[in-house]
Amino acid sequence: MGVTPRDEGEAANIGMIWKNAGWLGVVPILLNFVALFSTGYITRRVGPGAFGRFNIAFSYTTITLLVTDLGLRALAVRDLARGGAGARHQLHDLVSLRLLMAFVAMVGAWGIALVLGHGSELGLVILVCSIGIIPISLTGTLTDGLMAKDQARGTSSSTFWSGVVLTAASVVAVSIWPTAVALAASYLIGPIINMTMLARRSRAFYGPIRLRWRPRQWRAMVRRAAPFYRISIVGVAVGRIEIPLIGVFFGDQMAGFYSAATSLADRLSAVIDSVTTAALPTLMRLGGNARRVTDVLGRILHPLLGALLAGCIMAAVGATAAVTVVFGAKFAPGGPALAVALFLLPVSAVNALVFEGFVAIKRVEFVAGTIMRGQIISGVLLPFGLMLFGLPGAPLAKLIAGLSVVFARIEASRTAFDGLWGPKYLRPLVRRTLWALPVPIILWLGNFRPLVAVGVSGGLFLCWVAATAHSSGVLQLLRPSQINTATGDSGEPPVS
């Protein structure tokens with residue numbers, strides 16, 4: 001059977017998602033690979049105590065950064081992707097409002113510094129970190145505006161070069177002055193450069209940014225974005241409070257161990273967030289058609305889920321080895337926490353993509369309820385997990401909460417997206433995931449040195465990715481004009 005123009009269009013949609021995901025994912029992964037080893041040098045230079053104080057201060061600053069959001073990022077991606085004559089003015093309104101709220105957030109961070117860190121290094125670090133609230137908040141809005149125009153390549157390029165400069169600045173800063181304050185100051189450079197580069201790129205689509213005083217419009221935007229904000233504020237607050245809690249329970253040094261170890265998973269999580277975001281503009285253009293959303297969603301979600309599950313299985317046994325190689329033997333106590341945190345990655349990917357599917361068919365209320373339930377569970381379990389299991393208890397609490405959200409969304413998506421969890425997708429997913437099971441056995445029986453264990457795990461995972469990409473025909477989706485989406489065969493010209 002031939003391919004209809006709509007089928008060919010769906011292949012183009014999926015190909016565009018993978019291209020955007022490639023720019024948003026692969027380039028940052030390469031940058032993070034370099035940044036991890038620079039972080040290893042930094043942790044050795046400043047020590048676990050100072051590194052713990054830096055991350056405690058950064059966590060408090062991130063919590064105050066929530067004040068700038070108000071759910072506006074989710075609103076920006078959803079509305080700007082539809083385009084229209086008002087997109088330029090809407091972006092300018094978003095930038096103006098977020099800039100105003102960034103000043104409010106900075107004042108909040110100064111209050112935290114005075115209350116918690118008065119007369120100590122922690123207070124000074126919080127004050128320095130708070131300066132980054134403005135560029136970080138504006139960077140988020142400009143990124144959303146460019147992604148609405150499918151400008152993943154430009155967005156990723158800005159992230160890459162700002163990250164390179166940040167990495168170099170942080171290494172130089174701690175080499176000259178090995179303190180948490182110097183590290184916090186160096187981390188301001190990356191967001192400022194990224195904001196500047198994104199602002200220049202956005203001029204081609206939205207013109208020069210003009211700050212506008214429009215309180216009435218701002219109130220209307222905040223009312224529309226409020227459901228998204230109720231979701232994000234609790235989640236980020238629970239996610240970021242874990243490091244300060246570890247500092248309270250176990251001290252700054254243990255907070256440094258935990259922060260260093262889980263930064264490996266956090267970097268991958270940030271990449272996954274960017275990759276899943278690449279699908280939203282395409283899903284929003286499908287006009288709420290559940291069948292078309294299901295087809296696109298399934299061909300993105302299941303390959304990504306398979307890769308993440310396989311990676312977690314392969315890396316679980318070698319987590320302590322990875323921490324030892326990157327940060328040194330003294331940070332090995334954070335290895336078990338990393339092993340648990342890795343399994344959060346596939347859970348987060350499923351939650352994000354199914355969430356975007358529900359947004360595309362205009363069922364935001366349901367996903368908002370499931371997220372809030374998961375966040376409450378995570379917040380309740382977090383202190384108990386730390387007391388019972390030590391450092392691994394924090395990611396374990398988030399994993400349990402994330403699984404509760406996944407199960408609820410899968411059950412609902414079986415009705416909303418008929419066939420998304422059917423044999424068509426699940427059989428290949430299970431089969432390819434089973435291919436990863438021998439790797440932890442090899443690592444366990446081999447008892448390799450840390451560097452060898454990391455090399456074996458990473459090399460076998462790359463082989464797994466290459467084999468599955470070839471067998472599933474994912475690479476053909478990057479050339480949508482050559483793929484028959486109705487039959488899965490390639491090489492035939494489309495027939496209307």
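**Exercise 1. Which residues is valine 125 in contact with, leaving aside its neighbours within four places in sequence?**

Solution. The model is predicted.
Step 1. Set aside the neighbours of valine 125 within four places in sequence.
Step 2. List the contacts of valine 125 that remain: Arg53, Phe54, Ala57, Ala180, Val181 and Ala184.
Step 3. The largest nonpolar core has 83 residues, and Val125 is among the members that touch the most others, together with Leu264, Leu283, Leu338 and Phe417.
Step 4. Find the main contributor. Helix α15 (residues 344-360) gives the most to this core, with 11 residues.
Step 5. Note that there is a second, separate core of 29 residues, including Ala87, Ile133, Ala148 and Ala225.

**Exercise 2. Decide whether threonine 62 is buried or exposed, and find what its side chain reaches.**

Solution. 
Step 1. Locate the residue. Threonine 62 sits in helix α1 (residues 5-65).
Step 2. Compare its accessibility with the cut-off. Buried means under 20%. Threonine 62 has 14% relative accessibility, so it counts as buried.
Step 3. Follow the side chain. The side chain of threonine 62 reaches the backbone oxygen of phenylalanine 58 at 2.8 Å.

**Exercise 3. Classify the packing of helices α14 (residues 335-342) and α17 (residues 393-416).**

Solution. 
Step 1. Read the geometry. The angle is about 10 degrees, and the axes are 8 Å apart.
Step 2. Apply the cut-off. Angles under 35 degrees count as roughly parallel. Therefore α14 and α17 are roughly parallel to each other.
Step 3. Name the contact residues. From α14 come Ala337, Val340 and Ala341; from α17 come Pro395, Leu396 and Leu399.

**Exercise 4. Describe asparagine 447 and valine 456.**

Solution. 
Step 1. Asparagine 447 lies in the loop between α19 (438-446) and α20 (450-472). Asparagine 447 is not a glycine, yet has a positive phi of about 50 degrees.
Step 2. Exposed means over 50%. At 68% relative accessibility, asparagine 447 therefore counts as exposed.
Step 3. Valine 456 lies in helix α20. With a relative accessible area of 24%, valine 456 is partly exposed.
Step 4. The C-alpha atoms of valine 456 and isoleucine 442 are separated by 9.1 Å, with the two residues 14 residues apart along the chain.

Technical notes: Residues numbered from 1 in each chain as written. Predicted model: local features only at pLDDT ≥ 70, side-chain atom pairs only at ≥ 80, totals over all residues. Heavy atoms only, no water. Core = buried A, V, L, I, M, F, W, Y, C linked by side-chain atoms within 4.5 Å. Buried < 20%, exposed > 50% of the residue type's maximum accessible area, 1.4 Å probe, protein only. Helix = DSSP H or I, 4+ residues; strand = E, 2+ residues; numbered from the N terminus. Contact = heavy atoms within 4.5 Å. Polar contact = N/O pair within 3.5 Å; in protein donor to acceptor, adjacent residues only side chain to side chain. Axes fitted to C-alpha atoms, helices over the stretch in contact; angles between N-to-C directions. Parallel < 35°, antiparallel > 145°, perpendicular 65-115°, else oblique.
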